[in-house]
Amino acid sequence: MPQRHRFSALAVGLALLLSACIDYTERIVIARDGSASIELRLRAAPSFLQMMGRSPAMDTFALLLSEEALRASLPPGVRLERHTEGSTPGRRHYINDLAVDDVTSLDVGGSPAFQGQTFTVERLDDGSLRYRRRLDFTTAARDPEFAAMLRENRMGIAGILDSAPFVFELETPLGVLETNGRVSGGRVAWQYSLLDLLKQPVTQEVLLAAPTGADLVLGALRRLLRPATFPVVALVLLGLFFASVRRPNAPA
């Protein structure tokens, strides 16, 4: 099929399939010690999931369907802790739980799992943390056929895309000093429609209060004792213990 017509068919199919609903929720929890957990939750109609593999713009979300593919696509310092799947009538559910050892050293550049995104948590001179994330999912809208479909609102596609919610949340026990999101207690939230994300990039910003010295020490201990390194640390400590209690034999 010629490229032009392939994308045109895809655009029409996208409009039809999205009417069956898709929603995406991402929840990041930043702990006092600088570690973090990320929950990626996708719910969509089976017909939409079948379409994902045919659209390069959907590559990032297609990774959420496969534990093996997502694990292989994650950047250094990010681990897939759990992948679960389920279904309800007309919907498939995918939940992926990620763990980050230290958000201040996280670099997602070039990672397929964070395609079209920049993600930084910078520690400022006063110890506070500046969270900044940019999402750019405009690749699909750059295709001429799809762009024309949006511009002319063929088949009411604008309304369909505008009804597909994408929610991003950040939770933390650290104080929220500034943000461009909606604040409720220790939670900051941003919500967009898929139409918003296709039209233009968006930026999320939060300034968090500085963690205490004790928080940072606990974070270092937690990273040292995480499952991947704990056996090595335990063997070293046991070796030191036995060396300290060993006594030379008394002379005859």
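A: This is a predicted model, and its protein chain has nine helices and eleven strands. Of the 252 residues in the protein chain, buried residues make up 43%, while the chain exposes about 13,400 Å², with carbon and sulfur atoms supplying 56% of that area.

Q: How do strands come together in a sheet, and what is the order of the strands in the open sheet of seven?

A: Strands of a sheet pair through backbone hydrogen bonds, either parallel or antiparallel. In this model the open sheet of seven strands runs in the order S3-S4-S2-S1-S7-S10-S9, and its pairing is mixed. Strand S3 (78–88) and strand S9 (182–184) are the edge strands, each of which pairs on one side only. On average, neighbouring strands of this sheet are turned by 15 degrees against each other, direction ignored.

Q: In which sense do S9 and S10 pair, parallel or antiparallel?

A: S9 and strand S10 (residues 187–193) pair in the antiparallel sense, over three bridges; Ser 184, for example, has Arg 187 in S10 as its bridge partner.

Q: Where does Glu 205 lie, and why is Glu 205 called partly exposed?

A: Glu 205 lies in strand S11 (residues 202–208). Glu 205 counts as partly exposed because its relative accessible area is 31%, and that term covers values between the buried limit, under 20%, and the exposed limit, over 50%.

Q: Which residues does Glu 205 contact, leaving aside its neighbours within four places in sequence?

A: Apart from those neighbours, Glu 205 is in contact with Tyr 131, Arg 132, Glu 178, Thr 179, Asn 180 and Trp 190. Gly 181 and Glu 205 are 24 residues apart in sequence, and their C-alpha atoms are 7.4 Å apart in space.

Conventions:
Residues are numbered from 1 along each chain as its sequence is written. This is a predicted model: local features need pLDDT of at least 70, side-chain atom pairs count only at pLDDT 80 or more; totals for chains, interfaces and linings use all residues. Side-chain values use heavy atoms; hydrogens and water are left out. Helices (H or I, at least four residues) and strands (E, at least two) are DSSP runs, numbered from the N terminus. Buried means under 20% relative accessible area, exposed over 50%, partly exposed in between (1.4 Å probe, protein chains only). Contact means heavy atoms within 4.5 Å. Two strands pair if DSSP finds at least two bridges between them. Axes are lines fitted to C-alpha atoms, for helices over the stretch in contact, and angles run from 0 to 180 degrees between N-to-C directions. Accessible areas come from the Shrake-Rupley method with a 1.4 Å probe; for residues, only the protein chains shown count as cover.
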